[in-house]
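Subject: Handover of a structure and the findings on it

Dear colleague,

Please find below the structure that I am handing over to you.

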Amino acid sequence: MLRQFRSNYVRPSQLRIRVNIGRYQQTSSAAHKPELNRLLIRKGILALILILQLLFAARWSFRTLESSGVFSVRRVTVQGNRMSNEAQIRSLADIQPGVQLFDVTAEEVAERILQHPWIDQVEVERVWPDTLTVRVIEHRPLAMINVEGEQQGLYYLDYQGEVFVPVDPLQDIDYPVVTGIAPPDGVDEEGAFQLGEDARTREVCDFLHVAARGNPILPLQSISEIHARQEKGIIVYLVEHPFPIYIGYGNVEKRYYQLVKLLGRFYRKKTIEGIKEIRMDYHDGRILVARSEP
């Protein structure tokens with residue numbers, strides 16, 4: 001019993017020692033706090049000085065490279081052009097002598113090049129250290145269209161239905177001529193405009209796209225004119241046989257291939273001469289072939 005009491009007994013002096021140790025630790029931490037703050041401040045100042053030195057070195061390096069001319073634009077290469085020439089594209093790009101490649105804004109250069117009427121899309125790429133590459137996609141003519149009104153004249157029509165530039169007689173003119181379609185309101189001064197979305201215009205474009213597939217009996221180049229008339233629909237004239245072929249409204253692709261089959265039979269039998277007109281829209285799917293009297 002006496003032994004158990006002695007083992008569980010805690011002397012008052014031991015309690016005092018524990019309390020004194022706790023007070024000593026609190027006093028030591030408070031004493032080191034100002035020193036820790038000074039250490040952090042010194043490290044922050046050193047980091048700031050290092051950053052400023054790096055910025056200064058970077059700026060000095062940049063100025064040195066700029067003055068050395070290593071990144072001056074020395075070449076402007078042009079790719080993808082066919083109807084537009086490289087000199088015109090370089091002139092529109094307006095890259096001044098001595099300009100640094102990293103000062104060239106590709107979007108602004110592309111915007112200037114798009115002013116050329118034949119150019120539909122532009123991609124400008126900086127090729128380090130001294131070359132600017134310009135890749136263009138030009139409008140692809142599908143036909144020519146006779147525009148009436150204030151902008152009267154013959155224009156190229158592309159595959160997207162955009163009338164984009166007046167026809168130059170010295171350029172390729174081996175395309176059908178579309179007549180009977182009026183330009184929409186708001187045509188710009190250069191005459192460029194997008195064809196309307198009315199049914200008559202859509203069917204003319206559909207017929208052109210089908211013919212552009214290159215069927216050997218009725219290719220695009222064998223068509224002289226496609227006339228769109230409000231009351232009769234599409235009327236086609238061939239280059240070598242300029243009698244009217246009334247396609248009418250609707251079923252454009254079906255009627256195109258019916259016409260191909262019909263013309264193929266006439267060519268094989270050599271009976272195309274003397275035809276006065278062909279009516280693909282005659283009556284309920286029937287085709288009328290009218291001939292001149294001998």
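In what follows, two residues are in contact if they have heavy atoms within 4.5 Å. With neighbours within four places in sequence left aside, Arg-135 is in contact with Gln-79, Gln-121, Val-122, Glu-123 and Glu-125.

Please note that this is a predicted model, in which local features need pLDDT of at least 70 and side-chain atom pairs count only at pLDDT 80 or more, while totals for chains, interfaces and linings use all residues. Residues are numbered from 1 along each chain as its sequence is written, and side-chain values use heavy atoms, with hydrogens and water left out.

The chain as a whole

The chain holds 6 helices and 13 strands. Helices (H or I, at least four residues) and strands (E, at least two) are DSSP runs, numbered from the N terminus. Of the 294 residues in the chain, 33% are buried. Buried means under 20% relative accessible area, exposed means over 50%, and partly exposed lies in between, with a 1.4 Å probe and protein chains only. The accessible surface of the chain is about 19,500 Å², and carbon and sulfur atoms account for 53% of that surface. Such areas come from the Shrake-Rupley method with a 1.4 Å probe; for residues, only the protein chains shown count as cover. Among contacts between residues at least 6 apart in sequence, 49% join residues at least 24 apart.

Strand β3

Arg-135 counts as partly exposed because its relative accessibility is 30%.

Is Val-136 buried or exposed? Val-136 is buried, because its relative accessible area is 5%. Beyond neighbours within four places in sequence, the contacts of Val-136 include Gln-79, Ile-89, Ile-113 and Val-122. Between the C-alpha atoms of Val-136 and Glu-123, which are 13 residues apart along the chain, the separation is 6.4 Å.

Aromatic rings

How many aromatic pairs does a search of the whole structure find? The search finds 9 aromatic pairs. One of them is formed by Trp-118 and Phe-164 and is edge-to-face, with 5.0 Å from centre to centre and 75° between the planes. This pair links distant parts of the chain: Trp-118 is in the loop between α4 (106-113) and β2 (119-127), and Phe-164 is in strand β6 (residues 162-166), 46 residues apart. Rings of Phe, Tyr and Trp (its six-membered ring) pair if their centres lie within 6.5 Å; planes under 30 degrees apart count as stacked, over 60 as edge-to-face and the rest as tilted. Both Trp-118 and Phe-164 are buried. Ring pairs also join Trp-118, Tyr-156, Phe-164 and Tyr-175 into a cluster.

Charges over rings

Arg-279 lies over the face of Tyr-246, 4.1 Å from the ring centre. For Arg-291, which lies over the face of Phe-266, the distance to the ring centre is 5.6 Å. A charge sits over a ring if NZ of Lys or CZ of Arg is within 6 Å of the ring centre and within 35 degrees of the ring normal.

Tyr-246 is also one of the contacts of Glu-277, as are Phe-243 and Leu-288, when neighbours within four places in sequence are left aside. Glu-277 is located in strand β12 (residues 275-283). Glu-277 counts as buried because its relative accessibility is 19%.

Backbone details

The peptide bond from Trp-128 to Pro-129 is cis, with omega near 10°. Pro-129 is part of the loop between β2 and β3.

Asp-94 is not a glycine, yet has a positive phi of about 55°. Asp-94 sits in the loop between α3 (86-93) and α4, and is partly exposed, with a relative accessible area of 40%. Asn-251, likewise not a glycine, has a positive phi of about 50°. Asn-251 is found in the loop between β11 (245-248) and α6 (252-269), and is exposed, with a relative accessible area of 51%.
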